[in-house]
Amino acid sequence: NPFSEIPDVKFYYKSISHTNVLSKLAQGLLEGKGIIQITGEVGTGKTLLSRFLVKYCQGSDVNFATILRSNLDGEKLVSLLVDDFALSKNALIKNDNTDSYINLEKYFLDSTKKSIRNIIIIDEAQNLTLKAFETIRLISNLEYNNKKLVQIILMGQPELDIKLSHYDYRQFNQRISLRLAISPLELQETENYIKYRLDIAQFSNQLGFSKKALIYIHKKSKGIPRIINHICNTILEYAEESNQRYIDIDTVKNVISNNKLIYNCNEKNKNFTLWPFN
């Protein structure tokens, strides 16, 4: 399915914004920056970008830990990191946070001495608790010979900036070395994005879009890849049922209307939300 909702690295589209963010992210990692923050609206492709990074670094001397459940306290976060970095539970003296942290620190130190880089990716970081942020800050402080033992990438929605601007988070906020933001696709990129995914899935010869149809999809999606996928996936289902191989603007309007695909944008904070099939 060229428009599946599941993030698939083979469909990674190198938009201008994604390319710039990935380039600056790679540079930040090479420079040894401790905490890097990446924000982007819901559905702009943050998770896919992180998966592309992990795949790109496979085979090199880099160990990744990816935390997808971010509504955690500090103790549970450390426990998940221990699991994700494949530390042996037998190495833990007691099953408590202190011993887990000590073993995590020892692992980071040993691997750094072997020239292995450790990177933690935390998705949906806007949901982290204050205690979790404090734990991350303490982990980011770990150093050896003036070199960070671990680098941390925080992936979050724009609410992350709002959260970190609060007084209680000021200590953590000051530790962020690099702040990056992913933007929605421009009109031409939306057109290229749709065609690219059709090409990868070998659908190019089976389905075509008129220029006006593509412009309308961009207008309704605001250039958000996830919303583009929702619209195009529904169009794909319609095209299969009706044996239609060319999609014009009227078809797009009818599909959106008949399936009640509603896309709202709160202009105050640019918060896009999607309710499909309601």
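Strands β1 and β6 run parallel and are joined by 5 bridges; two strands are taken as paired if DSSP finds at least two bridges between them, and both helices (H or I, at least four residues) and strands (E, at least two) are DSSP runs numbered from the N terminus. The structure is a predicted model, in which local features need pLDDT of at least 70 and side-chain atom pairs count only at pLDDT 80 or more, whereas totals for chains, interfaces and linings use all residues. Residues are numbered from 1 along each chain as its sequence is written, and side-chain values use heavy atoms, with hydrogens and water left out.

**The sheet**

The pairing of β1 with β6 belongs to an open sheet of 5 strands, parallel in its pairing and ordered β2-β3-β6-β1-β7. Its edge strands, each of which pairs on one side only, are β2 (62-67) and β7 (176-182). On average, and with direction ignored, neighbouring strands of this sheet are turned by 15° against each other, where axes are lines fitted to C-alpha atoms (for helices over the stretch in contact) and angles run from 0 to 180 degrees between N-to-C directions.

| Strands | Bridges | Residue pair |
|---|---|---|
| β1 and β6 | 5 bridges | isoleucine 38 and methionine 155 |
| β1 and β7 | 6 bridges | glutamine 37 and arginine 179 |
| β2 and β3 | 6 bridges | asparagine 63 and asparagine 118 |

Helix α1 (residues 16-30) packs on this sheet, where it touches β1 (35-40), β3, β6 (151-156) and β7, and its direction makes about 165° with that of β7; contact here means heavy atoms within 4.5 Å. Helix α5 (residues 130-140) lies across β1, β3 and β6, and runs at about 150° to β6.

Leaving aside residues up to four places away in sequence, glutamine 151 touches residues including Gly28, Leu29, Arg117, Asn118 and Ile119. Between glutamine 151 and phenylalanine 64 there are 9.7 Å in space, C-alpha to C-alpha, although the two are 87 residues apart in sequence.

The chain has 11 helices and 11 strands, and 47% of its 278 residues count as buried. Among its contacts between residues at least 6 apart in sequence, 71% join residues at least 24 apart.

The largest pocket holds about 430 Å³ of space. A pocket is found on a 1 Å grid over the protein atoms alone, as an open set of points where a 1.4 Å probe fits, with protein on both sides within 12 Å along at least five of seven lines, and lining residues have an atom within 4 Å of a point. Grid points are joined across faces, edges and corners, and the volume is the space filled by probe spheres set on the points. Of the 24 residues that line the largest pocket, Pro7, Gly43, Gly45, Leu48 and Arg226 are the closest to its centre. Helices α2 (46-56), α8 (187-200) and α10 (225-242) each supply at least two residues of this lining.

Definitions and conventions: Buried means under 20% relative accessible area, exposed over 50%, partly exposed in between (1.4 Å probe, protein chains only).
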